[in-house]
Number of protein chains: 2
Amino acid sequence: MLRTHTCGELRIADANKQVTLTGWVQRLRDKGSVLWVDLRDRYGITQLIFEEGKTDAALLQSARTLGREFVVQVSGTVVERLSKNDKIATGEIELKVSTLNILNAAKLPPFTIEDDTDGGDELRMKYRYLDLRRNVVRESLQLRHKVAQQTRQYLDTQNFIEVETPVLIKSTPEGARDFVVPSRVHHGEFYALPQSPQTFKQLLMVSGFDRYYQIVKCFRDEDLRADRQPEFTQIDCEMSFITQEDILNTFEGLIRHLFKNVKGIDLPSVPRMFYDDAMKLYGSDKPDTRFDMKFAELTELTRGKNFPVFDAAELVVGIAATGCAEYTRKQIDELTEFVKRPQIGAKGLVYVQYKADGTFKSSVDKFYSADDLKAWAEKANAKPGDLILILAGETHTTRKQLNELRLLMGDKLGLRDKQKFSALWVVDFPLLEWNEETNRYHAMHHPFTSPKPEDIGLLDTDPGKVRANAYDMVINGTEVGGGSIRIHDKATQSLMFTHLGFSQEEAQKQFGFLMEAFEYGAPPHGGIAFGFDRLCSIFGGADSIRDFIAFPKNNAGRDVMIDSPSTISQEQLTELALEIAKVKQKS
Amino acid sequence: MLRTHTCGELRIADANKQVTLTGWVQRLRDKGSVLWVDLRDRYGITQLIFEEGKTDAALLQSARTLGREFVVQVSGTVVERLSKNDKIATGEIELKVSTLNILNAAKLPPFTIEDDTDGGDELRMKYRYLDLRRNVVRESLQLRHKVAQQTRQYLDTQNFIEVETPVLIKSTPEGARDFVVPSRVHHGEFYALPQSPQTFKQLLMVSGFDRYYQIVKCFRDEDLRADRQPEFTQIDCEMSFITQEDILNTFEGLIRHLFKNVKGIDLPSVPRMFYDDAMKLYGSDKPDTRFDMKFAELTELTRGKNFPVFDAAELVVGIAATGCAEYTRKQIDELTEFVKRPQIGAKGLVYVQYKADGTFKSSVDKFYSADDLKAWAEKANAKPGDLILILAGETHTTRKQLNELRLLMGDKLGLRDKQKFSALWVVDFPLLEWNEETNRYHAMHHPFTSPKPEDIGLLDTDPGKVRANAYDMVINGTEVGGGSIRIHDKATQSLMFTHLGFSQEEAQKQFGFLMEAFEYGAPPHGGIAFGFDRLCSIFGGADSIRDFIAFPKNNAGRDVMIDSPSTISQEQLTELALEIAKVKQKS
């Protein structure tokens with residue numbers, strides 16, 4: 001090694017030792033008589049000292065040529081420091097340098113390599129290799145490594161085998177758009193990159209692997225929203241001879257293991273909530289349960305008092321915001337503006353101030369008596385001092401709108417602390433959801449999810465009501481994982497494809513191998529996949545997954561550092577028998 | 001769980017317990033009064049027993065409907081077995097079944113699910129999920145899992161961080177052909193799948209990650225030879241502030257850790273050999289050192305005795321095959337046929353039989369005296385009883401031919417035992433190799449490999465003589481890993497690109513980001529990558545990597561199970577702005 005120690009290693013006990021360090025120049029402070037240099041590597045920072053009169057003159061001169069981010073090798077004696085720095089582990093010592101070897105010079109970086117940087121997003125992405133030098137980014141990736149380690153450790157103890165499934169697979173019409181890979185050997189044919197290893201892990205169960213996992217890259221060619229990446233990583237798992245209960249217990253075990261071993265947090269056992277209740281109580285299938293503020297349905301209580309908005313509404317529903325009774329007109333107007341934004345779409349907001357003295361003031365005082373409002377308050381579990389916020393309209397839409405308002409109020413009340421964690425299982429998802437665009441039902445999870453046996457009869461009469469053996473894990477209002485018990489017989493799988501609008505031929509072409517596999521002895525099985533990038537960002541207490549991915553792409557799916565995607569040579573296109581269409585088609 | 005125990009778990013101590021098992025019917029033996037069923041899962045086999053008169057009649061009848069590979073759940077009492085089977089861990093007990101639940105029926109498999117199967121390669125690949133049920137295949141994948149676990153364990157203790165690098169990257173002209181992925185958003189542009197994460201791991205070093213690893217999928221669109229896969233897995237590693245010595249020691253440590261912890265073998269320390277010596281002594285840069293049989297250069301000893309073949313040859317070189325002096329005419333003819341095969345291409349073979357009585361008999365007795373032959377024998381370290389086999393011709397070609405013959409003789413003499421392991425470092429590879437097709441030098445390892453500083457001067461005068469700081473690990477004659485110390489300054493990297501025939505513009509377009517990164521403080525660094533599939537097959541004592549990959553592709557790059565690659569819809573092509581060329585171009 002070009003060093004004897006790392007920059008995070010030396011302590012007072014090492015005083016008088018001759019050592020050699022390597023690293024990057026973090027900072028120089030030249031006081032004339034003394035030059036201090038902070039030398040940085042992945043492991044820490046060590047202060048170097050050069051002294052006028054004591055340090056060799058040529059050496060001192062050379063040290064004065066150093067700039068930020070120069071890479072150097074220095075040798076010298078460890079000495080006790082006059083003024084200790086208790087913020088860093090090496091803060092009791094410094095290195096009295098006797099030789100300096102500049103391993104590589106550095107141009108001035110385009111942004112400062114500090115925890116708080118002056119670099120904008122695009123600049124940081126273009127020079128990602130410099131951005132990655134910042135402690136905060138490197139630590140995010142170290143955290144990711146630790147989450148992966150601990151995931152493997154837990155699953156290994158549970159007899160799971162990690163099996164690599166192929167990346168060059170086959171395009172399927174269901175789900176999101178595939179990335180495809182043209183075949184050079186078979187002209188006109190394409191591989192596809194997996195959106196998940198779903199069918200392969202099911203085949204591994206048919207093979208008797210019993211317990212499979214993989215931390216695996218998956219791909220979706222979707223229009224990128226903020227914080228989505230075309231390639232992402234999953235913790236992908238599957239088990240045989242289990243019921244839903246076994247899966248929930250096993251993976252609650254995983255999550256609690258991770259909290260314990262990565263964060264040092266004893267997560268309590270994870271509660272379960274029916275999908276229907278989550279929608280009813282939180283207006284979301286991924287409720288943020290760090291705070292209560294449950295929905296109170298006021299429809300019946302509001303009827304027949306000649307307030308046309310409520311009378312006409314399918315649902316009148318409210319939440320009580322603790323201690324917000326004294327919100328000003330302006331504050332309430334802001335909330336009204338919020339719910340009326342196009343992306344939320346409420347028509348208006350009704351409020352009831354439950355004053356500390358027990359009186360009420362509301363935007364519907366014209367229609368409702370104090371007794372009416374008191375009844376609402378009781379239903380909403382509001383106390384004097386609280387503000388009740390009410391929306392009305394079509395059930396599903398109104399719930400989703402109130403969910404947004406609830407999250408906003410949670411933020412305002414400081415109830416969404418990123419270092420506080422609340423996990424939840426949401427279970428019994430609907431099997432199908434109606435898609436207005438395609439005018440047919442789509443699988444809510446995926447086409448391999450088994451309906452609850454007791455609901456199969458509804459498939460023909462009321463498909464939207466069929467519940468699936470499907471479950472999501474939600475942490476702090478974010479879906480971190482989801483899965484289901486799978487169909488494991490050909491007849492049911494075939495029935496599912498029919499209900500999803502596949503012709504026999506299509507089903508056979510796309511998934512014939514899976515249905516055939518089910519005829520050779522498929523065990524009952526089910527599984528789950530966790531969004532690894534997202535999970536890491538939650539452990540890191542961050543909003544964005546961006547810094548938990550070493551080399552992310554921007555929102556246009558472009559890697560601005562390597563400038564990809566990019567054109568390829570005509571020779572490559574010819575080999576692939578491809579031509580670029582001259583006129584850009586509507587996509 | 002649908003079971004209380006696995007099929008590999010019950011012992012005599014469990015006698016009289018009520019248990020429930022699940023699994024696949026491996027075999028039925030119906031003796032009329034007694035029906036035995038072997039029930040199989042990943043963990044083992046347990047014998048079930050049904051007895052006429054004792055077992056409920058309906059249950060017995062149901063059991064008689066079972067076929068091979070049916071999936072069942074059985075409950076009953078563990079009983080001691082009359083005739084023990086000491087070949088299986090559960091051989092002292094059997095399960096007296098009281099309830100049988102057929103979880104899934106099975107059609108008769110297209111081949112037998114046994115260690116020795118009657119299925120051919122294509123059939124096994126089409127029904128890979130059945131092939132994976134065979135112990136021998138499942139155990140290969142379990143071994144793979146263990147190698148991965150132990151790799152991570154070792155590298156974790158050495159402070160390596162696993163970092164995921166992107167899969168959607170950029171096509172580069174150097175090296176093998178890339179698989180490309182058309183962009184839907186940026187029409188006419190493509191991502192490429194990585195042949196290795198080379199530039200990214202170097203950028204991670206520039207970022208100060210210090211020690212990186214990844215077990216990662218890589219992709220090469222090459223014409224597939226036997227036992228090559230378009231997607232393969234690497235153990236990819238990189239270190240900063242190191243010399244070649246540090247890399248060799250660190251990864252010798254990895255290999256010895258793996259042998260110890262996966263195979264229980266104490267591998268001795270790994271010897272090092274210069275590339276030049278490997279070529280001279282074994283005619284190969286990946287010599288099989290499980291056996292000696294080194295090359296003896298006889299050129300000088302054979303000159304001037306009027307044997308035109310030897311006199312005209314640049315090199316005369318031989319090996320001594322222990323104990324083969326009494327090879328028959330027919331046996332020697334077979335060896336001659338072997339070296340004359342077109343893929344080897346020797347013109348002929350000279351032999352010298354060094355008889356047990358100390359006399360010689362050779363195919364060149366006309367030209368050489370017994371004393372001559374004795375001198376050759378001494379040079380070749382041959383003893384009485386040995387057979388000396390000699391080839392002559394152009395140096396490089398002849399060495400490669402003799403390498404093939406040496407390996408054949410090793411096989412014949414049983415010196416290539418797959419359960420014996422011999423590892424070797426080959427070091428100081430040439431930096432460049434001449435390519436006749438492109439009429440220019442290509443990087444032997446890759447364009448980022450650093451020349452030995454003392455050889456840089458030769459770049460202009462004798463490029464083929466420049467040695468690289470490059471090394472391969474060879475086990476049993478197979479290259480399992482290779483790497484190099486990298487260039488870490490822009491000037492040298494730019495010089496390399498020039499020597500590889502890149503224009504300034506090309507170099508800038510393809511690798512501008514890397515050369516720019518070198519200007520912002522790049523540390524000295526180097527690394528290595530191991531072929532994970534191959535490494536696992538060596539640990540498994542297998543010739544082929546096929547069974548160490550869960551879902552391999554065939555030699556035409558096709559997954560015959562899922563039938564991929566395949567056509568995609570016109571809608572997909574339109575979205576990607578692609579057209580399939582009507583006339584197939586020559587590729």
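## How the two chains meet

Buried area is the accessible area (1.4 Å probe) that two parts lose on being put together, summed over both. In this predicted model, about 11,500 Å² is buried between chain A and chain B, and carbon and sulfur atoms give 58% of that. On chain A's side, A:Glu164, A:Phe241 and A:Tyr520 supply 7% of the area buried against chain B, more than any other three residues.

Contact (heavy atoms within 4.5 Å) links 125 residues of chain A with 125 residues of chain B. The interface also holds 16 salt bridges, each a side-chain nitrogen of Lys or Arg within 4 Å of a carboxyl oxygen of Asp or Glu. One pairs B:Glu519 with A:Lys107 (3.3 Å, N to O).

## Two annotated residues

A "binding site" in an unreviewed UniProt entry includes A:Glu479 and A:Phe532; such annotations may be inferred rather than shown by experiment.

Here, A:Phe532 is buried at 1% relative accessible area, where buried means under 20%, exposed over 50% and partly exposed in between (1.4 Å probe, protein chains only). Beyond residues up to four places away in sequence, A:Phe532 touches B:Glu164 as well as chain A residues including A:Arg144 and A:Ile215.

## Reading the model

Residues are numbered from 1 along each chain as its sequence is written, with chains lettered from A and ligands numbered from 1 in the order in which they are written. Local features need pLDDT of at least 70 and side-chain atom pairs 80 or more, while totals for chains, interfaces and linings use all residues, and side-chain values use heavy atoms, leaving out hydrogens and water.
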